[in-house]
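Please take a moment to look over the sequence and the model shown here before reading on. The paragraphs that follow lead through the strands, the helices that accompany them, and the nonpolar cores.

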Amino acid sequence: MVANIKALILNGEMDKGIDLSAISQTLKDALEDRNYDVEEKKLKEIEIKPCMGCYACWIKTPGKCIIDDYGRGLVSEMINSQLIVYLTPVVYGGYSPELKKALDRIIPLLLPFFKKIKGEVHHPKRYDTYPDVLVLGITDKENYEEEVIFNELIGRNALNWYSTFKGRVIDIHNDSLETAVVEALEGRI
Amino acid sequence: MNENRKVLFLIGSPKKSRSTSESMSDYLAETIVKKVDWHIEKIHILSTIHENPDRIAKAAIQSDLIVLAFPTYVDSLPSHVIRTLMLLETRLDNSKERDLMVLINCGFPETFHNDNALKICRFYAKQTGLNWRGGIAVGAGGAIIGKKLAELGGMAGNLMKNIDLLTDRLIKDEMLQDDGILRVQTVPTRMYNMAGNMGWKKQAQKYGVQDRLYDKPDLKI
């Protein structure tokens with residue numbers, strides 16, 4: 001039997017603001033239809049302490065964060081998934097603080113060193129391969145400037161994390177959730 | 001010149017002390033008070049945002065200028081800094097004009113790694129009615145290692161010059177064209193990479209893990 005491929009949804013819904021449950025369900029259904037084993041983490045329900053910028057994960061316990069909470073386990077779950085979905089309200093053109101508190105903790109996935117890659121300095125890979133990443137930014141007010149900033153953020157993340165990042169902003173008032181999710185997934189599956 | 005302005009420095013580094021964000025903030029604050037009689041207040045965001053968010057909100061309400069100083073984390077703002085911006089959006093009223101300035105630094109040598117964080121801050125200012133005052137974006141911020149800029153000598157010379165320029169602009173109430181950001185790389189790329197790469201190995205040696213730097217502890221095959 002062929003093992004299903006693993007997808008991890010990092011749900012960055014906040015206590016106040018847009019309810020992401022409908023789009024999260026649409027996403028899970030669409031992924032399961034495509035034979036993914038889907039796991040969703042509602043990050044607002046999980047304590048993840050802030051990265052302290054101590055770099056112990058690079059020079060003391062290479063590849064492992066010294067803070068003993070889900071932020072440490074997240075790194076393991078991410079590198080052993082084939083697809084990660086960042087599901088987040090768009091906040092000033094970026095990710096929600098709930099999603100960002102998790103992403104701030106994933107630098108153990110990279111090596112500390114500085115290396116010039118295609119003319120820019122980046123941290124080299126720690127692992128040989130990295131999961132694909134799909135970013136869905138959800139908004140309830142269309143704003144072109146904010147969308148541009150969000151898409152640029154996805155592009156910069158892709159460069160720094162050696163992943164195939166794709167994503168888009170979904171306006172809950174003007175986009176069909178189902179169509180938007182399927183369109184986003186079709187580029188990847 | 002604006003008299004008796006209140007300046008609030010919000011330090012967004014998670015480090016309690018010896019952060020590049022605080023080094024830059026302190027130098028800017030010192031430069032301001034040497035020239036004008038402005039009131040300076042400094043708050044560390046991380047130790048305050050969860051326990052006493054009111055303190056941040058009240059200080060921001062009283063301020064005329066908010067200086068947000070933080071390191072770029074994963075191409076944007078650290079989570080607690082985003083949370084702070086959201087808090088201020090709900091608490092700041094429009095009873096008076098307020099300015100927002102940023103002091104951003106990143107651990108990569110090139111300053112452009114800060115660009116997305118800058119755009120988010122500028123967009124935030126526009127959305128919330130704060131006057132965007134630009135600021136400074138620093139590459140190779142790791143070279144500052146939380147020291148006082150004046151003690152770093154030549155390496156921080158260009159950064160200090162740019163902060164002096166920023167102070168003059170603030171006092172004269174001038175604004176540069178474009179995004180108002182002065183971009184400063186503290187150390188040339190090749191030198192920074194070489195020193196940094198040697199530094200990581202040396203620090204790993206201190207913990208006896210120099211042979212484990214490339215470990216892949218989470219790989220399950």
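Predicted model: local features only at pLDDT ≥ 70, side-chain atom pairs only at ≥ 80, totals over all residues.

Strand β5(B) is largely enclosed by the rest of the structure, because eight of its nine residues are buried, where buried stands for under 20% relative accessible area.

Seen as a whole, the sheet of chain B is open and parallel, and its six strands follow the order β2-β1-β3-β4-β5-β6. Its edges are formed by β2 (39-44) and β6 (181-185) of chain B, each of which has a single partner strand, so one side of each is left without a neighbour in the sheet. From one strand to the next, the twist averages 15 degrees.

Elsewhere in the order, strand β1 (residues 6-11) of chain B runs parallel to strand β3 (residues 65-71) of chain B, and five bridges join the two; B:Ile11, for instance, has B:Ala69 in β3(B) as its bridge partner. Helix α1 (residues 20-35) of chain B packs on the sheet, where it touches β1, β2, β3, β4 (99-105) and β5 (131-139) of chain B, and its direction makes about 135 degrees with that of β4(B). Helix α4 (residues 79-91) of chain B likewise packs on the sheet, touching β1 and β3 of chain B, with its direction at about 160 degrees to that of β3(B).

Turning to the nonpolar cores, the largest has 50 residues, and those with the most contacts inside it are A:Leu10, A:Tyr86, A:Tyr95 and A:Ile106. When neighbours within four places in sequence are left aside, the residues in contact with A:Tyr95 include A:Tyr86, A:Leu103, A:Val135, A:Phe150, A:Leu153 and A:Ile154, and also B:Ile82 of chain B.

Technical notes. Residues numbered from 1 in each chain as written. Chains lettered and ligands numbered in written order. Heavy atoms only, no water. Pairing = 2+ DSSP bridges. Helix = DSSP H or I, 4+ residues; strand = E, 2+ residues; numbered from the N terminus. Axes fitted to C-alpha atoms, helices over the stretch in contact; angles between N-to-C directions. Contact = heavy atoms within 4.5 Å. Core = buried A, V, L, I, M, F, W, Y, C linked by side-chain atoms within 4.5 Å. Buried < 20%, exposed > 50% of the residue type's maximum accessible area, 1.4 Å probe, protein only.
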